[in-house]
Amino acid sequence: MPPGSGWPGDMATPDTAVATTPAQVAAMAAAAQTIEELDAVISMCRACPRLVQWREEVAAAKRKSFAGEPYWGRPIPGWGAKRPRVMIVGLAPAAHGANRTGRIFTGDRSGDFLVAAMYRAGLANQAVCVDAADGLRLNKTRVAAAVRCAPPGNAPTPAERATCAPWLDAEWRLTSPTVRVIIALGGFAWRAALQMVRNGGGTVGKPAPRFGHGATVKLGDVTLIGCYHPSQQNTFTGKLTPQMLDDVFLRARALASVE
């Protein structure tokens with residue numbers, strides 16, 4: 001989906017700069033002064049050739065059940081409050097979820113499971129997350145991914161993770177003054193969140209805290225909470241239940257003093 005075409009929430013225009021190398025990602029991320037500016041440049045990134053090819057091939061071929069729908073097919077910016085009290089960090093967009101809808105954790109079963117729990121905890125205004133124009137609003141909460149493009153097999157390479165990391169660092173720089181709780185969805189998001197805080201000048205002890213569902217650690221003024229990722233594998237097998245997710249979000253809401 002080209003910028004300026006009217007997609008809901010698209011901050012980019014045909015004049016938005018495009019990062020094509022890791023060095024350009026780092027420079028543009030460091031230069032972003034507002035969330036809107038950051039979202040725009042993230043959504044135009046082309047620094048990882050394998051991810052660019054995959055996300056665009058998926059968007060062109062489409063899943064049969066979505067054959068009549070347009071696909072976003074670009075990197076996915078963070079989404080939610082500009083001054084959040086709670087920040088949720090996931091791994092990467094789903095090929096036929098956020099890569100289709102243009103909004104993280106929207107349009108797939110993982111998103112359905114996650115947003116329903118956010119609604120029950122009072123962090124979202126509705127339990128439905130269909131597309132970027134469905135009316136969903138988050139209550140003092142922001143959701144971001146450590147990797148912004150849908151990867152083949154849901155597995156970005158170490159180099160792709162490193163190239164994308166400055167985007168998350170910049171998002172943290174712009175939102176951290178108000179954030180009191182980070183929820184990391186899965187082990188990789190946990191490690192990404194620790195590095196994000198460390199790169200932002202925060203305190204992370206050694207050895208680094210270990211991930212686990214419900215694991216909780218204080219990082220200065222911020223509390224990091226671990227949560228199993230709401231993947232179909234975890235939710236279908238019962239490794240992650242609605243009650244387990246409710247417990248994490250309700251604790252996060254209380255710690256962050258979200259009204």
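Where is the place of R55? R55 sits in helix α3, residues 49–61. Helices here are DSSP runs of H or I with at least four residues, strands are E runs of at least two, and both are numbered from the N terminus.

## About the model

This is a predicted model, in which local features need pLDDT of at least 70, side-chain atom pairs count only at pLDDT 80 or more, and totals for chains, interfaces and linings use all residues. Residues are numbered from 1 along each chain as its sequence is written, and side-chain values use heavy atoms, with hydrogens and water left out.

R55 counts as buried because its relative accessibility is 2%. Buried means under 20% relative accessible area, exposed over 50%, and partly exposed in between, with a 1.4 Å probe and protein chains only.

The side chain of R55 reaches the backbone oxygen of G73 at 3.1 Å. Residues up to four places away in sequence are not counted in what follows. R55 touches C45, R46, G73, R74, P75, N99, C149 and A150. Contact means heavy atoms within 4.5 Å.

## Helices α6 and α7

Helix α6 spans residues 158–175, and helix α7 spans residues 187–199. Their axes come within 9 Å and cross at roughly 60°. Axes are lines fitted to C-alpha atoms, for helices over the stretch in contact, and angles run from 0 to 180 degrees between N-to-C directions. α6 and α7 are therefore oblique to each other. Angles under 35 degrees count as roughly parallel, over 145 as roughly antiparallel, 65 to 115 as roughly perpendicular and the rest as oblique.

From α6, the contact uses R161, L168, D169 and W172. From α7 come F188, A192, Q195, M196, V197 and N199. By class, this contact of α6 with α7 has six nonpolar, two polar and two charged residues. Ala, Val, Leu, Ile, Met, Phe, Trp, Tyr, Cys and Pro count as nonpolar, Asp, Glu, Lys and Arg as charged, and the others, Gly among them, as polar.

## Helices α2 and α6

Helix α2, residues 35–42, also packs with α6. The angle is about 170°, and the axes are 10 Å apart. α2 and α6 are therefore roughly antiparallel to each other.

I35, L38, V41 and I42 of α2 meet W167, A170, E171, L174 and T175 of α6. The residues of this contact of α2 with α6 divide into seven nonpolar, one polar and one charged.

## A92 in a loop

A92 lies in the loop between β2 (86–90) and α4 (98–101). Leaving aside neighbours within four places in sequence, A92 is in contact with A145, V147, C149 and P151.

Notes:
A polar contact is a pair of N or O atoms within 3.5 Å; within protein, one must be able to donate a hydrogen and the other to accept it, and residues adjacent in sequence count only if both atoms are side-chain atoms.
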